[in-house]
Amino acid sequence: QSTLVVAEHNNDKLTPITLNAITAAGKLGGDVSCLVAGTNCAKVVEEISKVQGVKKILVAQHESYKGALPEELTPLILETQKQFSFTHICAGASAFGKNLLPRVAAKLDVAPVSDIIEIKSPDTFVRTIYAGNALSTVKCNEPVKVFTVRGTAFEAASVEGGSAASEEVASTAPTGVSEWLEQNLTKSDRPELTGAKVVVSGGRGLKSGENFKLLYDLADRLNAAVGASRAAVDAGFVPNDMQVGQTGKIVAPELYIAVGISGAIQHLAGMKDSKTIVAINKDPEAPIFQVADYGLVADLFKAVPEMTEALSK
Amino acid sequence: MRVIDYAVKIRVKPDNSGVVTDGVKHSMNPFCEIAVEEAVKLKEKKLVKEVVAVSCGPQQSQETIRTALAMGADRGIHVEVSGKDYESLGPLQVSKIMAALAKKEEAQLIILGKQAIDDDCNQTGQMTAALLDWPQGTFASEVSLDGDNVKVVREIDGGLETIRINTPAVLTADLRLNTPRYATLPNIMKAKKKKIANVKPADLGVDLTSRLEVLRVDEPPQRLAGMKVETVEDLVAKLKDAGRV
């Protein structure tokens with residue numbers, strides 16, 4: 001029994017979801033190894049060497065690993081697998097992990113298991129289906145279990161106290177069928193929606209895109225990300241990448257504040273795993289109140305500035 | 001790809017073997033609609049010659065293919081999978097079917113939805129690309145075809161990234177790629193005359209054996225409604241007590 005965790009990083013820093021994946025890997029029993037592939041990743045190797053629960057770090061450095069293209073990383077993982085015969089291969093269920101691991105699994109002719117939220121045993125996992133409206137317990141009878149881990153479902157491994165050894169593995173020949181050109185990360189001082197501890201979301205009740213400023217002001221007080229319901233997106237108030245819901249992003253922050261959102265099923269699917277839910281809506285019958293821990297029936301145009309003010313004190 | 005309509009409230013079967021699908025409204029998977037729209041757009045721009053819509057599943061999958069034809073696809077292929085085989089049909093099996101069809105049809109581009117809103121796997125595009133040894137442009141929000149390669153703007157956590165991949169290639173559609181058109185009545189009538197070929201997985205040499213077993217399906221823990229607060233002051237005090245702000 002041994003697990004390979006494919007580390008996500010930008011050559012400078014480890015992406016936090018890798019720490020959640022390491023915790024999940026630790027629950028399987030057996031040794032946990034981390035694969036770090038990049039162009040110049042000594043810093044990341046240093047960082048992982050201190051993470052608790054990691055036994056060994058496999059390091060592959062080559063220009064072709066720039067941008068973590070799955071066409072280049074897949075042959076590397078297959079080579080590594082040939083050498084070490086892991087029983088499990090996993091990564092965080094981020095854009096990186098979701099892009100890469102199914103490709104690896106198909107090459108191994110095994111069915112991967114996406115976005116797990118619980119490990120029942122080394123071959124049995126729980127994952128959500130229908131955007132969290134049902135939980136599926138899946139037994140994987142493949143010789144190698146390939147899976148991605150939902151970050152919000154596992155604690156992050158401690159970044160101190162570990163003492164992993166690292167070794168170089170040979171890089172694979174570039175396939176050259178794809179090329180990474182550039183990255184444009186949204187420049188915002190606010191945290192990213194799916195990773196934020198607090199999310200403030202607005203719905204059709206906001207009435208316009210300009211009125212979202214009320215939410216940005218509140219969000220800045222709380223170091224929160226700002227989301228929106230599909231209704232607000234469809235009405236053109238805000239861009240689609242802010243959408244929380246079944247067809248948008250799934251979030252599970254510690255605090256979710258739904259403002260002027262009625263609570264359609266499709267929206268609830270994207271946020272109902274939040275630890276604490278606050279709803280502010282002038283309609284006392286709005287379905288959002290059925291899932292809210294704290295409901296305030298009020299005019300949002302008065303209540304939100306009041307709340308921002310109250311939090312500034 | 002046919003799924004339970006996104007607006008339907010999902011119910012788990014009392015015996016925990018799955019979710020209730022009988023008598024429930026089904027539609028084309030929203031991400032697949034975006035994929036079809038993108039393919040039709042490429043054809044309208046004369047960048048592709050023909051758009052073939054494929055769906056794997058029981059007889060009803062033909063309705064989904066008809067929808068794609070009404071949106072502008074030229075012809076359909078229904079890969080018939082039913083009964084027990086359909087129950088255990090997963091992304092790996094569908095990828096094998098897609099890869100076999102791509103070779104048979106000499107496709108240059110395969111566009112799929114990034115994930116199905118029923119199993120939420122987000123695997124089929126990546127696996128199809130792997131089986132064909134083609135590059136993949138997943139979670140695409142912008143696609144531009146340019147000779148032998150495709151520039152793809154991809155949705156990643158926290159922003160966008162741009163890659164250039166060789167063709168043939170597999171693309172998977174994310175939400176912002178386009179807004180799918182509604183099929184108009186004349187186009188729905190026209191679609192009735194378009195051809196849908198029927199294919200069996202065995203004809204493609206695809207083995208449908210699955211080594212994933214769903215042991216049970218459960219309702220997620222239900223949230224109970226909490227309390228109503230009267231004022232903002234009260235709300236903030238409660239959140240402070242709970243350690244949330």
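Biologist: What share of the 245 residues in chain B is buried?
Modeller: Buried residues are 48% of the 245 in chain B. Buried means under 20% relative accessible area, exposed means over 50%, and partly exposed is in between, with a 1.4 Å probe and protein chains only.

Biologist: And what sort of model is this?
Modeller: This is a predicted model, where local features need pLDDT of at least 70, side-chain atom pairs count only at pLDDT 80 or more, and totals for chains, interfaces and linings use all residues; side-chain values use heavy atoms, with hydrogens and water left out. Residues are numbered from 1 along each chain as its sequence is written, while chains are lettered from A and ligands numbered from 1 in the order in which they are written.

Biologist: How many helices and strands in chain B?
Modeller: Chain B has 7 helices and 12 strands. Those are DSSP runs numbered from the N terminus: helices are H or I with at least four residues, strands are E with at least two. Along the principal axes, the C-alpha atoms of chain B fill a box of roughly 65 × 45 × 40 Å.

Biologist: What share of its contacts is between residues 24 or more positions apart?
Modeller: Of the chain B contacts with a separation of 6 or more, 65% are between residues 24 or more positions apart. Contact means heavy atoms within 4.5 Å.

Biologist: Is B:Ser61 buried or exposed?
Modeller: B:Ser61 is buried, because its relative accessible area is 1%. B:Ser61 sits in helix α2 (residues 61-71) of chain B.

Biologist: Which residues does B:Ser61 touch?
Modeller: Leaving out residues up to four places away in sequence, B:Ser61 touches B:Arg2, B:Ser55, B:Cys56 and B:His78.

Biologist: New topic. Where does a helix of chain A pack on α7 of chain B?
Modeller: Helix α8 (residues 300-312) of chain A packs on helix α7 (residues 232-241) of chain B, at an angle of about 50 degrees with the axes 9 Å apart. Axes are lines fitted to C-alpha atoms, for helices over the stretch in contact, and angles run from 0 to 180 degrees between N-to-C directions.

Biologist: Which residues make that contact?
Modeller: From α8(A) they are A:Ala303, A:Glu306, A:Met307, A:Ala310 and A:Leu311; from α7(B) they are B:Val232, B:Leu235, B:Val236, B:Leu239 and B:Lys240.

Biologist: What about charges sitting over rings, which ones are they?
Modeller: The charged end of A:Arg230 is over the ring of B:Tyr6, 4.9 Å from its centre. The charged end of B:Lys228 is over the ring of A:Phe289, at 4.6 Å from its centre. The cut-offs are NZ of Lys or CZ of Arg within 6 Å of the ring centre and within 35 degrees of the ring normal.

Biologist: How many aromatic pairs?
Modeller: The whole structure has 2 aromatic pairs over all chains. One of them is A:Phe125 with A:Phe147, tilted, at 5.0 Å centre to centre and 35 degrees between the planes. Rings of Phe, Tyr and Trp (its six-membered ring) pair if their centres lie within 6.5 Å; planes under 30 degrees apart are stacked, over 60 edge-to-face, and the rest tilted.

Biologist: Where are those two in the chain?
Modeller: A:Phe125 is in strand β6 (residues 124-129) and A:Phe147 in strand β8 (residues 145-149) of chain A, 22 residues apart. A:Phe125 counts as buried at 0% relative accessibility, and A:Phe147 counts as buried at 1%.

Biologist: Which peptide bond is cis?
Modeller: The one from B:Thr167 to B:Pro168, with omega near 0 degrees. B:Pro168 is in the loop between β8 (159-166) and β9 (169-173) of chain B.
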